[in-house]
Amino acid sequence: MSDTTTRDLVQTGSIHRTSRSGVPTRASVAVYAADPVLRVGVVQQLRQRPEIELLDDADAERAQVSLVVVDGIDDDVAALLNRLRYNSATRTGLVIGTLGAGGLQRVIECGVPVVLRRAEADQDQLVRLVLAAANGEGVLPGDLLGELLSHVGNLQRSALDPGALSLSALTTREADMLRLVSEGLDTAEIARKTSYSERTVKNVLHEIITRLQLRNRAHAVGYALRNGLI
């Protein structure tokens, strides 16, 4: 999905009402989808619900919730998520087909607090997702929440004992890429497997080698295996 494609993403769709408890009961939504079939499916489900106001293209920038519907995360989707992140008028929700290796970390890096797998995106789940985003809540599938908590725990242990060698010495993305290198995959294969660009793969591996003062990829894999990092 090129920059032009990102600009051409179909857009449709502020909180107008709240309950007495302050929880929003109606929210305006802009839907971003590169695939028109995905767009139609999501829009048709949301259009039927009184809790949702779908905004047209001209008003998409002021939507309280920007709902991004994609197959997976790549550099162009990440660029869109980052652009939406800096729009103070909106909060971003993500409906995604699959999250590859390191996908959760990348989503979090893009500032997306609300994620729903497309296979689970029925009408009720979509509405819950939108209202949660409008209310500033974070929502993740159970298995992804467990992965996030594990990652946070690793980071906390690393902060308490900076000299300790553990998986937290590498980011999830770095560890995943080194595992794939250890399996004999080349740059192009790792890019396809992780949904990153080849340039991103090269940059990540170069960062590992430079930071750990290693000679090459083979040295990095050996170092990581010896120290239990992968």
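So, let's start where two helices touch: Arg173, Glu174, Met177, Leu178 and Val181 in H7 meet Thr200, Val201, Val204, Leu205, Glu207, Ile208 and Arg211 in H9. Keep in mind, by the way, that this is a predicted model.

Now, how do the two helices sit against each other? H7 covers residues 172-182 and H9 covers residues 198-211, and their axes come within 10 Å and cross at roughly 100 degrees. A crossing angle of 65 to 115 degrees counts as roughly perpendicular, so that's what we call H7 relative to H9.

Okay, let's pick up the charged residues. Side chains of opposite charge can pair when their charged atoms come close. Take Glu174 and Arg211: their side chains form a salt bridge, at 3.0 Å from N to O. That pair links distant parts of the chain, with Glu174 in helix H7 and Arg211 in helix H9, 37 residues apart.

Are these two buried or exposed? Glu174 counts as buried, because its relative accessibility is 7%. Arg211, on the other hand, is partly exposed, with a relative accessible area of 36%.

And Arg211 has another partner. Its side chain also meets Glu207 in a salt bridge, this time at 3.2 Å, N to O. Here both residues lie in helix H9, 4 residues apart, so we're talking about one turn of the helix. Glu207 is partly exposed too, at a relative accessible area of 37%.

Let's move to another spot. How many salt bridges does the structure hold? There are 9, and one I'd like to show you is between the side chains of Arg49 and Asp124, at 2.6 Å, N to O. Arg49 sits in the loop between helix H2 (36-47) and strand S4 (52-54), while Asp124 is in helix H5 (residues 123-134), so this pair ties together parts that are 75 residues apart in sequence.

What about accessibility here? Arg49 has 17% relative accessibility, so it counts as buried. Asp124 comes in at 37%, so it counts as partly exposed.

One last thing on this pair, and then I'm done.

Conventions:
Residues are numbered from 1 along each chain as its sequence is written. This is a predicted model: local features need pLDDT of at least 70, side-chain atom pairs count only at pLDDT 80 or more; totals for chains, interfaces and linings use all residues. Side-chain values use heavy atoms; hydrogens and water are left out. Axes are lines fitted to C-alpha atoms, for helices over the stretch in contact, and angles run from 0 to 180 degrees between N-to-C directions. Angles under 35 degrees count as roughly parallel, over 145 as roughly antiparallel, 65 to 115 as roughly perpendicular and the rest as oblique. Contact means heavy atoms within 4.5 Å. A salt bridge is a side-chain nitrogen of Lys or Arg within 4 Å of a carboxyl oxygen of Asp or Glu. Buried means under 20% relative accessible area, exposed over 50%, partly exposed in between (1.4 Å probe, protein chains only).
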